[in-house]
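How can each label attached to a model be checked against the rule behind it? The questions below take some labels in turn, setting the value beside its cut-off where one is given.

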Amino acid sequence: MSELHSPDSLLIRTARGAGWVVAWRLGMRLLGLCSTLMLVRLIRPADFGIIALASSFSQTIDGMMTLGTEEAVIRESSPGRKFYDTAFTLNLLRGLSVAALVAALAYPAAGFFADPRLGPVLLFVACLPLLDGLSNIGTVDFRRDLAFHKEFAIMVLPKLCGIVTAITAAVLLRSYVAMLLGMGVNQTMRVVMGYVMHPFRPGLSLKAWRGLAGYSLWTWLLSLAVLIRDRSDSLLLGRLMNTASVGFYSVGAEIAALPTTELIEPLGRAAFAGFSAGRQQKLAVGQTFLRLIGSAALVTLPAGVGLSLVGAPLVGLAFGPGWEQAVPVLRILALSFTVMVFGHLSLHLLSAHALLGRLVGITLAGAGVRLALLALLIPRFGLTGAAAAAAVAVVVEQALTLATAMRRFEVGATAMAQQVWRPMLAASAMAAVLVAYGSELSDRPGALGLVMAISAGAAIYAAVLLALWALARRPDGAEADVLRLLRRRAR
């Protein structure tokens, strides 16, 4: 077996790809933040609301029609021209369907929300999924080959052009039209760059539909199950409590999910391509799966635990007075989200091997547990009950996903424990010290107390982790992988 096709090489390429995806996510976040900070000074809050409402409406419909054609191409061992053309055609049909549905509902939605501006805005927004359907399917090769630096360029550069367009138009127009122009330029540039950066030119064909139908159908069912699960919290809170409670819960949940959205999800995107490559090369992916979980746990476990511990000063500093009810939501969910590193990577491993039926069943089971607990706990405990219900459901779903992956790929519990016991003990030690001395750190004024708590936690975690690794005689695991990666970067 050549070095290029060895499990260690696959692990290195997947880790490098994850780095590019994390950079892409952070770049998009920073660009979006800069854009928002500039546009809020040029456009009225009501205009922001109309764009947010239109985008949410369109994205909900778009999410309900997810097909997963790109993932189907990535996991295929040798997709031919017909496979790519069929995937492009299905994406185009999907884009047409979403556009037609959003356009048909544009004016009824405007009447429902009692804002006549929403109709024309939705008609414009309906064009964006159609543009996305015209994207060059050939660029999926960047993910197949773990060349995520090229995907980084396709995502970030159009975003930058869209922001420049939006700000320039806002200076001239002082209207939400500027934001629409920015969105249009972003999507158009993304399509154009796809054809500039990859030589493939897709055609219209459905000849390989059988090879895509099974995977795409299960992907669609999985997206619906995820939609049901993720929207249940806000819907039941709004029904059983009030809209203010939905706001507190949403803010707490969004902050609690930051380690997941900014670290675990980018790793999962790269890991799917890595697991698919391992499947095509007939490599045993169990070891790669274990090492990726171990490496991710080094960062996500202390991030989740630390976020839970500094929830109160963080919310107070970021949002000011009046948002205290979001703190228990953040603390509870941040702890439960730490286990998502196990389930999320397991999900991508199962997806790469087309075991989507099991994932749909697990997601629906998790959604059922969440709905039952929400209905039971919200009337009794309010926001805290909602957070506890969601936390239990998250742990149950992640445990089922991990157990399924471990059983399917013959990964033992002992091997898993060997990868994560040191980060778990180090995070526990960090939590114990911060709980004991947290008040002394957080009593510092403003951001100083928060910075001191984070710095102290990071130092304690790193010291305990390295001590445990040394006591274990420096095994070849996640710590060694991270140190090797840092040495390569330093050269």
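**Labels and their grounds**

Q: What does it take for tyrosine 84 and phenylalanine 200 to be called buried?
A: Tyrosine 84 is buried, as is phenylalanine 200, and the word stands for under 20% relative accessible area, with exposed meaning over 50% and partly exposed anything in between (1.4 Å probe, protein chains only). The model is a predicted one, in which local features need pLDDT of at least 70 and side-chain atom pairs count only at pLDDT 80 or more, while totals for chains, interfaces and linings use all residues. Residues are numbered from 1 along each chain as its sequence is written, and side-chain values use heavy atoms, with hydrogens and water left out.

Q: Why is the pair formed by the rings of tyrosine 84 and phenylalanine 200 called tilted?
A: A search of the whole structure finds three aromatic pairs. In the one made by tyrosine 84 and phenylalanine 200, the ring centres are 5.4 Å apart and the planes stand at 45 degrees. Rings of Phe, Tyr and Trp (its six-membered ring) pair if their centres lie within 6.5 Å, and planes under 30 degrees apart count as stacked, those over 60 as edge-to-face and the rest as tilted, so this pair is tilted.

Q: How do you know that the pair links distant parts of the chain?
A: Tyrosine 84 belongs to helix H4 (residues 81-104), whereas phenylalanine 200 is in the loop between helix H10 (177-197) and helix H11 (209-240), 116 residues apart. The helices named here are DSSP runs (H or I, at least four residues), numbered from the N terminus.

Q: What makes asparagine 91 count as buried?
A: Asparagine 91, which is also found in helix H4, has a relative accessible area of 12%, so it is buried.

Q: Why is the charged end of arginine 408 said to sit over the ring of phenylalanine 409?
A: The charged end is 5.0 Å from the centre of that ring. The label requires NZ of Lys or CZ of Arg to be within 6 Å of the ring centre and within 35 degrees of the ring normal, and arginine 408 is placed over the ring of phenylalanine 409.

Q: Why is glutamate 410 called exposed, and what is noted about its phi?
A: Its relative accessibility is 75%, so glutamate 410 counts as exposed. Its phi is near 55 degrees, a positive value in a residue other than glycine.

Q: What makes alanine 354 count as partly exposed?
A: Alanine 354, found in the loop between helix H17 (340-352) and helix H18 (356-408), has 35% relative accessibility and therefore counts as partly exposed. Its phi, near 60 degrees, is likewise a positive value in a residue other than glycine.

Q: How do you know the makeup of the lining of the largest cavity?
A: A cavity is a set of points on a 1 Å grid over the protein atoms alone where a 1.4 Å probe fits but cannot get out, and lining residues have an atom within 4 Å of a point. The count comes to one cavity of 30 Å³ or more, and the largest has a volume of about 40 Å³. The lining, which includes Ala256, Pro259, Thr260 and Ile264, divides into five nonpolar, four polar and no charged residues. Helix H13 (258-280) gives the most, with three residues.

Q: How do you know that the length of H16 agrees with its number of residues?
A: The expected span is 1.5 Å times one less than the number of residues, so the 12 residues of H16 should span 16 Å, and its end C-alpha atoms are 16 Å apart, which agrees. Its buried residues include Val327, Leu330 and Phe337.

Q: What makes leucine 468 buried and valine 464 partly exposed?
A: Leucine 468, in helix H20 (residues 447-471), has a relative accessible area of 17% and is therefore buried. Valine 464, found in helix H20, has 24% relative accessibility and so counts as partly exposed.

Methods:
Helix = DSSP H or I, 4+ residues; strand = E, 2+ residues; numbered from the N terminus. 1 Å grid on protein atoms, 1.4 Å probe; cavity = no way out; pocket = protein on both sides within 12 Å on 5 of 7 lines; lining within 4 Å. Points joined across faces, edges and corners; volume = space filled by probe spheres on them. Nonpolar A, V, L, I, M, F, W, Y, C, P; charged D, E, K, R; others polar.
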